[in-house]
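Here is a short briefing for a first look at this structure.

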Amino acid sequence: MRHVSGVGAVVVAAVLLVSGCGGSSGGSEGPGPAGEESSPAAVPESSGPAAEESEEESFPATPEGDVDRLAAEKGWVVDDLYPAASDFVADICESLPESAADSSSRPQWLAESGVLDGDGEAVLLAGVPKLCPEWEAVVKEAVSGDYERWVGSGEYEVKGKPGPADAESDVLVMPAGTYRTVGALADCYWERTSEDGQIIDNQFATQARRITVTVRAGELFKSEQCGTWKPVKKQ
């Protein structure tokens, strides 16, 4: 029988080659064709507290951003007219210089205009010191109720010291003290009345430039076409 040398070695080599190319299910992947590296395994998306924090609203590192961040943390809500709490504060900051044009002092305007209603008080107390600190004292006066009240036409109850609740009352209230109105006063009428309706003092001025009146707690004060009465500051 004729013996063919080398056949066994060729068969073994072929078996080894086939097993190396096919790869087993437990083997590692080798480099791709043309020297390309195998793609790394996909990284799963992060989840948990870190992912939740990344989804939270971010605020710029500015005074406006600080106001909006604090409003979000406290759950403060402002009028729908404003996109953010900082816009509400900025509007008040712009309005305050001209708010006391004729009829009211600046803290009186804040207290009686309704801007302190709801969360407005908290937002302004926190936001004004950041956006317009020059008006911080005005806001605090308005919130406390201890501010200078100017008096226009109407009928007023005279109190020793009105409080914050009086700003929201339907009844006009003024503090006791001395008031003065200045200007071209024509057909101006004012009167002081006791609680039982007795006239204590009154005047009808057809032509005047300056009128001064002192009212006391418990009285009623009425003014018609006399301009704005402002407290006379003690010297």
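The link of Cys93 and Cys132 is left-handed, with -65° about the S-S bond. A disulfide here is a pair of cysteine sulfur atoms within 2.5 Å. This is a predicted model, where local features need pLDDT of at least 70, side-chain atom pairs count only at pLDDT 80 or more, and totals for chains, interfaces and linings use all residues. Residues are numbered from 1 along each chain as its sequence is written, and side-chain values use heavy atoms, with hydrogens and water left out.

**Disulfides**
- The count comes to 2 disulfides.
- Cys93 is joined to Cys132, S to S 2.0 Å.
- Cys93 lies in helix H4 and Cys132 in the loop between H6 and H7, so this pair ties together parts 39 residues apart in sequence. Helices (H or I, at least four residues) and strands (E, at least two) are DSSP runs, numbered from the N terminus.
- Cys93 and Cys132 are both buried. Buried means under 20% relative accessible area, exposed over 50%, and partly exposed in between (1.4 Å probe, protein chains only).
- Cys188 and Cys226 form a disulfide with sulfur atoms 1.9 Å apart.
- The link of Cys188 and Cys226 is right-handed, with 95° about the S-S bond.
- Cys188 sits in strand S4 (residues 188-193) and Cys226 in the loop between strand S7 (220-224) and strand S8 (230-231), so the pair ties together parts 38 residues apart in sequence.
- Cys188 and Cys226 are buried.
- With the bonded cysteines numbered in sequence order, the pairing is 1-2, 3-4.

**Nonpolar cores**
- A nonpolar core is a set of buried Ala, Val, Leu, Ile, Met, Phe, Trp, Tyr and Cys residues joined through side-chain atoms within 4.5 Å.
- The largest core has 24 residues; Phe88, Val89, Ile92, Leu110, Val115, Leu124 and Val128 touch the most other members.
- Helices H3 (63-74), H4 (85-99), H5 (106-112), H6 (120-131) and H7 (136-144) each supply at least two residues of this core.
- H4 gives the largest share, 6 residues.
- Another core, of 16 residues, lies apart from it and includes Val151, Tyr179, Ile211 and Cys226.

**Helices H3 and H6**
- The axes of H3 and H6 come within 9 Å and cross at roughly 170°. Axes are lines fitted to C-alpha atoms, for helices over the stretch in contact, and angles run from 0 to 180 degrees between N-to-C directions.
- H3 and H6 are therefore roughly antiparallel, a label for angles over 145 degrees.
- Contact (heavy atoms within 4.5 Å) involves Pro63, Glu64, Asp66, Val67 and Leu70 of H3 and Ala126, Gly127, Lys130 and Leu131 of H6.

Note on methods: Angles under 35 degrees count as roughly parallel, over 145 as roughly antiparallel, 65 to 115 as roughly perpendicular and the rest as oblique.
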